[in-house]
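Biologist: Could you put the model on the screen, so that we can go through some of its strands and helices?
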Amino acid sequence: MEKNGPQDLLTNIQFPADLRQLPLEQLPQVCDELRQTIIRILADNPGHFASSLGVVELTVALHYVFDTPNDRLVWDVGHQAYGHKILTGRRDRFHTNRKLGGIKPFPSPAESEYDTCTCGHASNSISVALGMAVAAHQQGSDRKVVAIIGDGSMSGGLAFEGLNNVSSSANDLLVVLNDNNMSIDRSVGGMKQYLHEMHSSSTYNRIRDRIGRKLLQWGWMNDSSKKRIVRFNNAVKSLLFNQHNVFDGMNIRYFGPEDGHDVVGLVKILRLVKEMKGPKLLHIHTVKGKGYEPAEKNPTLFHAPGKFDPETGERIEATPDTPRPPKFQDVFGHTLLELARQNPKIVGVTPAMPSGCSMNIMMKKLPERTFDVGIAEGHAVTFSAGMAKDGLMPFCNIYSSFAQRAYDNLIHDVAISRLPVVLCLDRAGLVGEDGPTHHGAFDLAYLRPIPGLTICSPLDEHELRRMMFTAQLPDKGPIVIRYPRGCGVLTDWRCPLESIEVGKGRRLKDGTDVAVLTIGPVGNTAAAAIEEAETEQPISVAHYDMRFLKPLDEVLLAEVAARHSHIITIEDGAVTGGLGSAVVEWMADHHFTPRVTRLGLPDRFIEHGQPNELYHIVGLDREAIKRAVCDAATQR
């Protein structure tokens, strides 16, 4: 475990400037201490584990060679940036990572000048870094810019858009491609195979790199000769291997593959490419979870393992006194397999999250009918549209915040043609410790304006199964089903698969003083709050489960408006534009004038913390809802 005493180097490193004072031969020890620190702290305070272990040597080498924070390091996603946080002034606070009020879960410029951009979603690093590199060139600055991107993120379309633009702009960008054959699950697609083949041509790459270094030593790599040499290099490679390097073909100088766990070797190659003009790509090979055997053996499980024993790797999970309800994602996974066995048209699509959304349940049993398309949400939706156009019934599962990146695809390729794509939005609402980049806050608001789109959210597991069954029936058009991260409320979650009427809500409880309208699982919190309020005060509260944001149940709304002068709407999405807004608009359009109190996520980004802490802060916990109900009932 972590070393102590006079040989403890990490305790003397507060910032990268301290790291750069060390001799090169001490860097392996720094890496070992950094790795052990991450293991020790994350064993008790869970976070993204295996990704950061895999880039320890790269992190140390980058901060050793480059003059950060003046030089820019742009991390893609940020899962792998824990070592970066520890080396950049946050070591003493790292134990607060992901906790309410503690260090942010991903790099953020609001937290540190060493964090150059927000990076919670994949594939944006090359575009951001290119913008910085062009800015440096335009301003005559010698600032260096490095984008660090994984092979999983390289499957995203934005990464390719950035690469395509790199060679057409004057810049000295360095892209470090961290190739560990993983995103969260195993990487998929053509880029994975291409990088594997590049590894297999390592003999050529070693010879090419040796020649390049000699040319540098002899002074033959000046600006006037480099382009001719690069073109000659590409021609020789094409002749010998009948293969053209895609990066060289885009006039991005390629180096590698290099051993990403040889920190001394990384420092040497980074020093070599640092002063080169023009765009470069350094391809390194790493092992996710490096240095911790349980994580190396099971990198998917140790992507974010929760608490574990650092000595054995055994995960520490609390054993509940009573049976717990399943996770919504598992109900989705089992129900999808059940439906697929009944309906041969059903296929499953996910952008790189088969285990995260539990589509791996169907993938194991019906692999030929499940498709992991990589980190490519827009493609996932349009790919689903193509299958739907020709007779299949795609269930496309995307995390709510990631679905934002497929908005145009949903409108242009699905909704306009009214294709039967079922878009299942996992992680809706506040997801907790991952913070504002991952909260599913905006889906209800940004989906509601799309014509012809059905939008629903289940109160519980039975309702999720019924909505999924209904969605695959003929002539339903595009349907969105959104549900939260974590467990539901029913241990006996299996129920008959039966349809519900699209656009039809239901009255869960009658009352006379105030009407509460909810959508989705937040209705369970509201039901508990109503029960407490009625126990504590002589009030009568009606509760309606709307089920559908679109189409709204107009018959139900007319009933509510006729019977109640005060209405409370409750949703675990942005209060601007969601259910509350829809209800107020309908009331105004139909000349009803009840007082409407809207409860939802406020018009600001919500920071990270445990979900119960966050729902308390935003006023959507049981106590806050009870208070709102009591206030409304006494104001009638």
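Modeller: This is a predicted model. Strand β4, residues 253-259, is mostly covered, with six of its seven residues buried.

Biologist: Which strand is joined to β4, and by how many bridges?
Modeller: Strand β5, residues 280-285, runs parallel to β4, and five bridges join the two. Within this pairing, Phe-255 has Leu-282 in β5 as its bridge partner.

Biologist: Turning to another region, in what order do the strands of the open sheet with β12 and β17 come?
Modeller: The order is β12-β14-β13-β16-β17, five strands with mixed pairing. At the edges are β12 (506-509) and β17 (595-601), each of which pairs on one side only. On average, neighbouring strands of this sheet are turned by 25 degrees against each other, direction ignored.

Biologist: In what sense do β16 and β17 pair?
Modeller: They pair in the parallel sense, over six bridges, with β16 covering residues 566-574. Ile-570 stands opposite Leu-599 in β17.

Biologist: Which strands does helix α22 lie across?
Modeller: Helix α22, residues 554-563, lies across β12, β13 (514-518), β14 (541-545) and β16. Its direction is at about 165 degrees to β14.

Biologist: And which strands does helix α25 lie across?
Modeller: Helix α25, residues 622-634, lies across β13, β14, β16 and β17, and runs at about 155 degrees to β16.

Key
Residues are numbered from 1 along each chain as its sequence is written. This is a predicted model: local features need pLDDT of at least 70, side-chain atom pairs count only at pLDDT 80 or more; totals for chains, interfaces and linings use all residues. Side-chain values use heavy atoms; hydrogens and water are left out. Two strands pair if DSSP finds at least two bridges between them. Helices (H or I, at least four residues) and strands (E, at least two) are DSSP runs, numbered from the N terminus. Axes are lines fitted to C-alpha atoms, for helices over the stretch in contact, and angles run from 0 to 180 degrees between N-to-C directions. Contact means heavy atoms within 4.5 Å. Buried means under 20% relative accessible area, exposed over 50%, partly exposed in between (1.4 Å probe, protein chains only).
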